[in-house]
Amino acid sequence: MCVTLENLLRIGQLKSHATSGDEVQRLLEAARRNLADAGVDAISCETRFDSAYKAIMQVALVALMANGFRPDTNRPGHHMTVIQSLPKSIGLPNERMVVLDVLRRKRNLTDYSGGWVDETSMEQCIAEAKALLRDVEAWLQEHRPELLDGK
């Protein structure tokens with residue numbers, strides 16, 4: 001069976017969701033603030049990584065919402081669902097999704113086992129968050145420009 005957003009809805013990983021330009025703009029602005037925080041050299045690699053990862057999740061959530069869905073946050077694995085749905089929501093290449101999923105697993109290790117984040121991982125997370133923001137904004141401009149109006 002081919003995994004589609006509709007299949008994820010049927011099995012309960014996603015819920016239907018009608019988004020608005022205001023909602024999309026708030027999430028994109030939050031992602032930009034998190035990216036700005038991730039760029040502050042005076043804070044730890046862990047905190048910078050966390051801020052960049054949060055931006056990835058906010059932007060990936062926008063991609064899902066623009067397609068009429070949101071994750072069921074009452075079910076485990078909603079971060080994984082949001083990231084792994086990017087090839088279906090905006091056509092992100094699978095190779096890039098895999099990189100984002102590795103960052104998700106790294107975030108889980110640091111959050112739930114006290115692991116640390118090295119500078120290379122932190123820099124990669126920031127770069128991937130910036131790239132995903134550009135990709136989602138370009139996808140919105142092409143496919144859902146009305147959501148960029150903020151209404």
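In this predicted model, the axes of helix α2 (residues 21–38) and helix α7 come within 10 Å and cross at roughly 155°. Angles over 145 degrees count as roughly antiparallel. Helices α2 and α7 are therefore roughly antiparallel to each other. Their crossing is left-handed. From α2, the contact draws on Val 24, Leu 28, Arg 32, Leu 35 and Ala 38. From α7, the partners are Ile 126, Ala 129, Lys 130, Leu 133, Glu 137 and Leu 140. By class, the contact of α2 with α7 holds eight nonpolar and three charged residues, with no polar ones.

Helix α2 has 18 residues, which at 1.5 Å a residue should span 26 Å. The end C-alpha atoms of α2 are 25 Å apart, in agreement with that expectation. Buried positions in α2 include Gly 21, Glu 23, Val 24, Gln 25, Leu 27 and Leu 28. Ala 30, Ala 31, Asn 34, Leu 35 and Ala 38 of α2 are buried as well. The buried residues of α2 pack against α3, β2 (69–71) and α7.

Glu 23 lies in α2. Its relative accessibility is 16%, so Glu 23 counts as buried. Beyond its neighbours within four places in sequence, Glu 23 contacts His 17, Ala 18, Met 65 and Arg 70. Asn 34 is also located in helix α2. Asn 34 counts as buried because its relative accessibility is 10%. With neighbours within four places in sequence left aside, Asn 34 is in contact with Ser 51, Lys 54, Ala 55 and Gln 58.

Helix α7 (residues 119–143) also meets helix α3 (residues 45–66). The axes of α3 and α7 come within 9 Å and cross at roughly 20°. Angles under 35 degrees count as roughly parallel. Helices α3 and α7 are therefore roughly parallel to each other. The crossing of α3 and α7 is left-handed. On the α3 side, the contact involves Cys 45, Arg 48, Phe 49, Ala 52, Tyr 53, Ala 55, Ile 56, Val 59, Ala 60, Val 62, Ala 63 and Ala 66. On the α7 side, the contact involves Glu 119, Ser 121, Met 122, Cys 125, Ile 126, Glu 128, Ala 129, Leu 132, Leu 133, Val 136, Trp 139 and Leu 140. The residues of the contact of α3 with α7 comprise 20 nonpolar, one polar and three charged.

Helix α3 itself is mostly covered, with 17 of its 22 residues buried. At 1.5 Å a residue, the 22 residues of α3 should span 32 Å. The end C-alpha atoms of α3 are 32 Å apart, which agrees. Just after α3, Gly 68 adopts a positive phi of about 90°.

Leu 86 belongs to helix α5 (residues 86–89). Leu 86 has 0% relative accessibility and therefore counts as buried. Residues up to four places away in sequence aside, Leu 86 touches Ala 60, Ala 63, Gly 91, Leu 92, Leu 100 and Leu 132. Among these partners, Ala 60 and Ala 63 also take part on the α3 side of the contact between α3 and α7. Leu 132 takes part on the α7 side of that contact. Leu 86 and Lys 106 are separated by 20 residues in sequence. Their C-alpha atoms are 19 Å apart in space.

Note on methods
Residues are numbered from 1 along each chain as its sequence is written. This is a predicted model: local features need pLDDT of at least 70, side-chain atom pairs count only at pLDDT 80 or more; totals for chains, interfaces and linings use all residues. Side-chain values use heavy atoms; hydrogens and water are left out. Axes are lines fitted to C-alpha atoms, for helices over the stretch in contact, and angles run from 0 to 180 degrees between N-to-C directions. Helices (H or I, at least four residues) and strands (E, at least two) are DSSP runs, numbered from the N terminus. Angles under 35 degrees count as roughly parallel, over 145 as roughly antiparallel, 65 to 115 as roughly perpendicular and the rest as oblique. A crossing is left-handed if the near helix is turned anticlockwise from the far one by less than a right angle, and right-handed if clockwise. Contact means heavy atoms within 4.5 Å. Ala, Val, Leu, Ile, Met, Phe, Trp, Tyr, Cys and Pro count as nonpolar, Asp, Glu, Lys and Arg as charged, and the others, Gly among them, as polar. Buried means under 20% relative accessible area, exposed over 50%, partly exposed in between (1.4 Å probe, protein chains only). The expected span of a helix is 1.5 Å times one less than its number of residues.
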